[in-house]
Structure formats: structure tokens, C-alpha cells
Amino acid sequence: MKKIILAVLLIIMVFALFNIRQLLYIPAIGNISGAENEKITIGNDVYEKTHDAPVSRSDKGKYVGTVSNGKIKMRVYETPETDYIYAMWEWEGAVYKCVK
């Protein structure tokens, strides 16, 4: 019985550690705009969704933060190309390019 309780507690702890950012309130670093969520604004930088990019989901790197429009939240990741970011919501994602 002790082993079962220990296993359940261990599973709960692992789950909590993987979702620590969800458990803590982390403010959004930017905003999402557009009818199809095609623009992300982070500070002074504006990113537009692109389908013609040299990077893809497999290139996502370090987690940067979340962006929100009040209804949905997207997780933003760095990419090897500095002008691009990768944003994910639920299980979907898209590449966004910085417009200057």
C-alpha cells in the first residue's frame, strides 16, 4: 500500500513540475491581433504569420513567454533565424516573421 501511495505522489509531483508555469501566473509578454491571429506584437516588434519561412516547428528553441488577446494564449519560442518566432496554441502552431 505504501508503494502505491508513493507512486501516486511521485506522479503528481512530476506533473506539477512539468506544468509549473501553468500553476504560477506568468504575465503575457505581448499581444495577438487580427481576425485569424496573424499578428503578434512583442514590445516594439511586430510579427506577421508566414507560410514561406526557412524555419518550422522542428526548429523551435528556447521558450520566450506567452502572448494573448484575452481569449487565447500562445506560447512563443525562439528559432535559429533571429527574424522569426514560433508560436503554439494547444497542439497547433505557426511561424511568424518580424516586419520592419
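How many bridges join strand β2 (residues 39-42) to strand β3 (residues 45-50)? Four do, and the two strands run antiparallel. Strands here are DSSP runs of E with at least two residues, helices are DSSP runs of H or I with at least four, and both are numbered from the N terminus. Two strands count as paired if DSSP finds at least two bridges between them.

A word on the model itself. It is a predicted one, so local features need pLDDT of at least 70 and side-chain atom pairs count only at pLDDT 80 or more, while totals for chains, interfaces and linings use all residues. Residues are numbered from 1 along each chain as its sequence is written, and side-chain values use heavy atoms, with hydrogens and water left out.

Now for the overall layout. The protein chain holds two helices and seven strands, and read from the N terminus the elements go α-α-β-β-β-β-β-β-β. The seven strands close up into a barrel, in the order β1-β2-β3-β7-β6-β5-β4, with mixed pairing. Within this sheet, neighbouring strands are turned by 35 degrees against each other on average, direction ignored. For that angle, axes are lines fitted to C-alpha atoms (for helices, over the stretch in contact), and angles run from 0 to 180 degrees between N-to-C directions. Of the chain's 100 residues, 26% count as buried; buried means under 20% relative accessible area, exposed means over 50%, and partly exposed lies in between (1.4 Å probe, protein chains only).

Strand β1 (residues 30-33) pairs with β2 in the antiparallel sense over four bridges, with serine 33 standing opposite lysine 39. The hairpin of β1 and β2 has five residues between the strands, and glycine 34 there takes a positive phi near 100 degrees. Toward β3, threonine 41 stands opposite valine 46, and isoleucine 42 faces aspartate 45. The hairpin of β2 and β3 has two residues between the strands, with glycine 43 at a positive phi near 65 degrees. As for its two faces, β2 has Ile40 and Ile42 on the covered one, and Lys39 and Thr41 on the uncovered one.

The structure holds one salt bridge, and lysine 39 forms a salt bridge with glutamate 48, the closest N and O atoms being 3.9 Å apart. The cut-off asks for a side-chain nitrogen of Lys or Arg within 4 Å of a carboxyl oxygen of Asp or Glu. Lysine 39 counts as partly exposed because its relative accessible area is 34%, and glutamate 48 is partly exposed too, at 33%.

Valine 95 belongs to strand β7 (residues 92-99) and counts as buried because its relative accessibility is 8%. Leaving out residues up to four places away in sequence, valine 95 touches Glu48, Lys49, Thr50, Ala53, Val55, Ser56, Tyr84, Ile85 and Tyr86. Tyr86 shows up again in β6, as the bridge partner of tyrosine 77. Strand β5 (residues 73-78) and strand β6 (residues 84-89) are joined by four bridges and run antiparallel.

The protein chain exposes about 7600 Å², and carbon and sulfur atoms supply 59% of it; accessible areas come from the Shrake-Rupley method with a 1.4 Å probe, and for residues only the protein chains shown count as cover. On the surface, Met1, Ile4, Ile5, Val8, Leu9 and Ile12 make up a nonpolar patch with about 640 Å² of accessible area together. Patches are built from residues with over 30% relative accessible area and no salt bridge, joining like charges within 9 Å and nonpolar side chains (Val, Leu, Ile, Met, Phe, Trp, Tyr) within 5 Å. Isoleucine 4 sits in helix α1 (residues 2-18), and isoleucine 4 counts as exposed because its relative accessibility is 54%.

Technical notes:
Contact = heavy atoms within 4.5 Å.
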